[in-house]
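Thank you all for coming. Please have a look at the model on the screen while I talk you through a few parts of it.

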Protein chains: 2
Amino acid sequence: MNTNHHLTRKQQEVLDFLISNQQQFIQAPTLNELCLAMGLKSRGSLHKHIQGLINAGFVEAPNRKQRGVRLTEKHLQNKTTDNELIYKAATPFIGSIAAGEPIEAIDNTRYMNIPNEIKTDNPCYILQIKGDSMIEIGIFDGDWVIIEQRSHARNGEIVVALIDKTDATLKYIEQYPHETILIPANNTMQAMHFQPQQVEIQGVLVGQMRSYK
Amino acid sequence: MNTNHHLTRKQQEVLDFLISNQQQFIQAPTLNELCLAMGLKSRGSLHKHIQGLINAGFVEAPNRKQRGVRLTEKHLQNKTTDNELIYKAATPFIGSIAAGEPIEAIDNTRYMNIPNEIKTDNPCYILQIKGDSMIEIGIFDGDWVIIEQRSHARNGEIVVALIDKTDATLKYIEQYPHETILIPANNTMQAMHFQPQQVEIQGVLVGQMRSYK
DNA sequence: AATACTTGTTCTCCTTTTGTTCTTGATCTA
DNA sequence: TAGATCAAGAACAAAAGGAGAACAAGTATT
């Protein structure tokens with residue numbers, strides 16, 4: 001076991017992912033599960049990186065016996081720098097949402113690793129925004145939003161609302177006994193009024209991301 | 001390894017850059033990344049300087065492997081910094097930035113795990129925004145921005161600019177032979193004109209995040 | 001017990017990235 | 001002038017990484 005062995009970038013990334021997500025996995029993840037969570041398509045490719053971590057002593061060698069990728073004690077050394085907990089929870093990227101259209105689900109679900117700062121401890125998912133209906137609060141076309149999965153919300157919260165079981169949209173919500181109002185953050189658009197039973201809450205906005213690449 | 005080996009001016013400059021910026025590099029930088037961060041265009045040229053540092057014993061010899069430029073322990077002789085070798089797969093959160101104020105460094109650096117979608121493959125760091133100078137492109141007070149570490153930018157890019165070595169700000173940049181203009185995205189604010197040598201580029205905007213918690 | 005599926009493992013083929021070397025030309029210096 | 005330093009870019013071999021096929025041992029299902 002070469003102590004001066006340096007991990008490649010991908011090996012380091014896999015190791016970090018394992019360390020940060022060990023709480024997420026009830027059992028040690030299989031190669032397939034890891035592929036899915038990390039966005040890889042080939043089990044064989046991932047295996048090469050795991051093999052590198054085994055050689056470096058960070059991962060137990062399964063030897064065809066036990067299933068799943070298990071960290072050894074050594075990974076604690078790797079943690080030298082960050083005494084804080086880095087919880088890199090993989091959050092599913094569901095699809096895109098536009099005013100007046102149902103959520104287009106992404107065919108094969110991807111996962112993103114987002115920081116705790118822009119999510120909650122409850123289950124969250126990610127949508128990509130199409131349209132400008134929330135432009136005044138800084139949510140632009142193409143932005144990603146992080147949604148906490150919930151079926152109820154308080155007045156004034158920003159929610160993903162499913163209207164008549166067909167159209168999904170991101171809006172401010174106001175709920176009264178006899179009507180539910182969905183309010184855009186764009187003064188060129190109108191608030192929409194519905195019967196309470198027409199509107200189903202699918203989650204509440206907790207975070208937002210944008211790429212300038 | 002010749003200890004009396006004297007470094008050329010450029011070699012010393014590269015070494016200083018590596019030492020003072022090692023915390024910015026999550027993983028040991030490749031030659032290309034170093035070129036980008038230092039404003040060089042030729043990997044081959046940089047390689048010669050790195051070779052000099054390898055001969056002088058300041059940098060590990062990669063020996064054809066692709067493992068990036070790593071400092072040896074010897075560089076500690078060169079400078080006495082409170083050093084801890086920080087290599088981690090997270091993006092450092094440096095501090096906050098406001099129009100007209102220097103970057104307030106966070107005392108104990110935190111790290112965030114951000115998705116690849118809102119960063120680049122080059123070294124990045126995170127700042128928190130104070131103020132409304134970029135409000136029209138959806139960057140609000142309190143938002144986090146992801147900055148790719150670079151010292152050069154193209155006209156029209158959004159950069160972290162250090163003015164007169166004291167004030168840091170996030171603005172559009174326009175560079176001309178005799179002046180550098182920093183332009184806010186807020187029509188209640190004015191563009192600022194400087195001598196080129198007054199303005200030092202510290203990075204380029206590549207991503208943004210916001211919490212609604 | 002027989003069958004189908006999963007999982008770790010190995011393999012080949014492919015693309016991109018990276019370290020390295022060389023050549024050319026510019027700039028600075030003794 | 002000659003020598004050193006440096007930038008830029010072309011070219012190349014090796015490394016890194018990814019996709020997918022194939023296989024054997026283990027597990028699940030019938």
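This is a predicted model: local features need pLDDT of at least 70, side-chain atom pairs count only at pLDDT 80 or more; totals for chains, interfaces and linings use all residues.

Residues are numbered from 1 along each chain as its sequence is written, and chains are lettered from A and ligands numbered from 1 in the order in which they are written.

In chain A, the axes of helix H1, residues 9–20, and helix H3, residues 43–56, come within 9 Å and cross at roughly 80 degrees; the axes are lines fitted to C-alpha atoms over the stretch in contact, with angles running from 0 to 180 degrees between N-to-C directions. Helices here are DSSP runs of H or I with at least four residues, strands are runs of E with at least two, and both are numbered from the N terminus. H1(A) and H3(A) are therefore roughly perpendicular to each other, a term that covers 65 to 115 degrees.

Turning to DNA strand D, 23 residues surround it, and Thr8(A) and Lys10(B) are among the closest, where near means a C-beta atom, placed from the backbone, within 6 Å. H1 and H3 of both chain A and chain B each supply at least two residues of that surface.

Finally, strand E9 of chain B pairs antiparallel with E9 of chain A over five bridges, pairing being defined by at least two DSSP bridges. Met209(A) has Met209(B) as its bridge partner. Within chain B, five bridges also join strand E4 to E9(B), again antiparallel, and Glu148(B) is bridged to Val204(B).

Technical notes
Angles under 35 degrees count as roughly parallel, over 145 as roughly antiparallel, 65 to 115 as roughly perpendicular and the rest as oblique.
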